Amino acid sequence: MASVHLQSITGYVQQIQARSHQLQADEPLDNGGTDSGPAPYELLLAGLAACTSLTLRMYADRKQWELGLIDVRLRFSRDEQGREKIDRTVAFGAQLSPEQIGRLGEICEKTPVTKTIRQGTEIQTTLNPAPLEPRA
């Protein structure tokens with residue numbers, strides 16, 4: 001369904017390939033990185049924000065609702081007990097009825113990445129003793 005390929009030669013800069021797209025991740029300066037790209041949690045939030053906006057736009061297009069600008073803002077936090085939380089705020093450039101806002105709120109809770117994060121996803125790790133073959 002989705003896959004990425006990452007290679008890291010030295011330091012914290014991470015070169016990521018997703019299909020034909022090149023991305024870079026890094027840590028901020030205060031965490032020992034060079035701040036040359038988003039940090040991993042920022043990439044996680046970016047995926048959730050993109051999925052939220054795309055899903056809302058697709059839904060609105062099917063309903064023929066004009067949303068105008070979709071503005072998604074996310075914040076990841078962890079409290080003193082270690083509980084993690086993502087706060088999501090979504091705003092629209094177009095005037096929408098209370099019924100439309102309510103329905104769009106329901107759609108936000110049903111986006112694929114929202115569901116994946118909420119339910120948790122099994123991660124199976126395999127460590128290879130030798131380098132992997134180069135990707136085509």
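Predicted model: local features only at pLDDT ≥ 70, side-chain atom pairs only at ≥ 80, totals over all residues.
Biologist: Which element gives the most to the lining of the largest pocket?

Modeller: Of its 24 lining residues, Ala-2, Val-4, Leu-43, Leu-44 and Gly-47 are the closest to the centre. Two or more lining residues come from each of β2 (14–18), β3 (21–25), α1 (40–63) and α3 (112–119). The top contributor, with six residues, is α1.

Biologist: By class, how many residues in the lining of the largest pocket are nonpolar, polar and charged?

Modeller: Gly counts as polar in this scheme, while Ala, Val and Leu count as nonpolar. Sorted this way, the lining of the largest pocket has 16 nonpolar, five polar and three charged residues.

Biologist: Which element supplies the largest share of the lining of the second largest pocket?

Modeller: The second largest pocket has a volume of about 290 Å³. Its lining includes Tyr-41, Leu-44, Glu-84, Lys-85, Ile-86 and Arg-88. At least two lining residues come from each of α1, β5 (84–92) and α3. The largest share, four residues, belongs to β5.

Biologist: How many residues in the lining of the second largest pocket are charged?

Modeller: Asp, Glu, Lys and Arg are the residues that count as charged. Among the lining residues of the second largest pocket are Glu-84, Lys-85, Arg-88, Glu-109 and Arg-118. The lining also has six nonpolar residues and one polar residue, and its charged residues number five.

Biologist: Is Leu-44 buried, partly exposed or exposed?

Modeller: Leu-44 lies in helix α1. Buried requires under 20% relative accessible area and exposed requires over 50%. The relative accessibility of Leu-44 is 37%, so this residue counts as partly exposed.

Biologist: What accessible area do Tyr-41, Leu-44 and Ile-117 have together?

Modeller: A residue needs over 30% relative accessible area to join a patch, and Leu-44 has 37% relative accessibility. Tyr-41, Leu-44 and Ile-117 also line the second largest pocket. The three form a nonpolar patch on the surface, and their accessible area together is about 250 Å².

Biologist: Which residue forms a salt bridge with Arg-73?

Modeller: The structure holds seven salt bridges. Arg-73 is exposed because its relative accessibility is 56%. The closest N and O atoms are 2.9 Å apart, and the partner is Asp-71.

Biologist: How far apart are the closest N and O atoms of the salt bridge between Arg-83 and Asp-79?

Modeller: Arg-83 is exposed because its relative accessible area is 53%. Asp-79 has a relative accessible area of 27% and is therefore partly exposed. A salt bridge requires the nitrogen to be within 4 Å of the carboxyl oxygen, and here the closest N and O atoms are separated by 3.0 Å.

Technical notes. Residues numbered from 1 in each chain as written. Heavy atoms only, no water. 1 Å grid on protein atoms, 1.4 Å probe; cavity = no way out; pocket = protein on both sides within 12 Å on 5 of 7 lines; lining within 4 Å. Points joined across faces, edges and corners; volume = space filled by probe spheres on them. Patch = residues over 30% accessible without salt bridge, like charges linked within 9 Å, V, L, I, M, F, W, Y side chains within 5 Å. Areas by Shrake-Rupley, 256 points an atom, 1.4 Å probe, with all protein chains shown as cover. Salt bridge = Lys/Arg side-chain N within 4 Å of Asp/Glu carboxyl O. Buried < 20%, exposed > 50% of the residue type's maximum accessible area, 1.4 Å probe, protein only.
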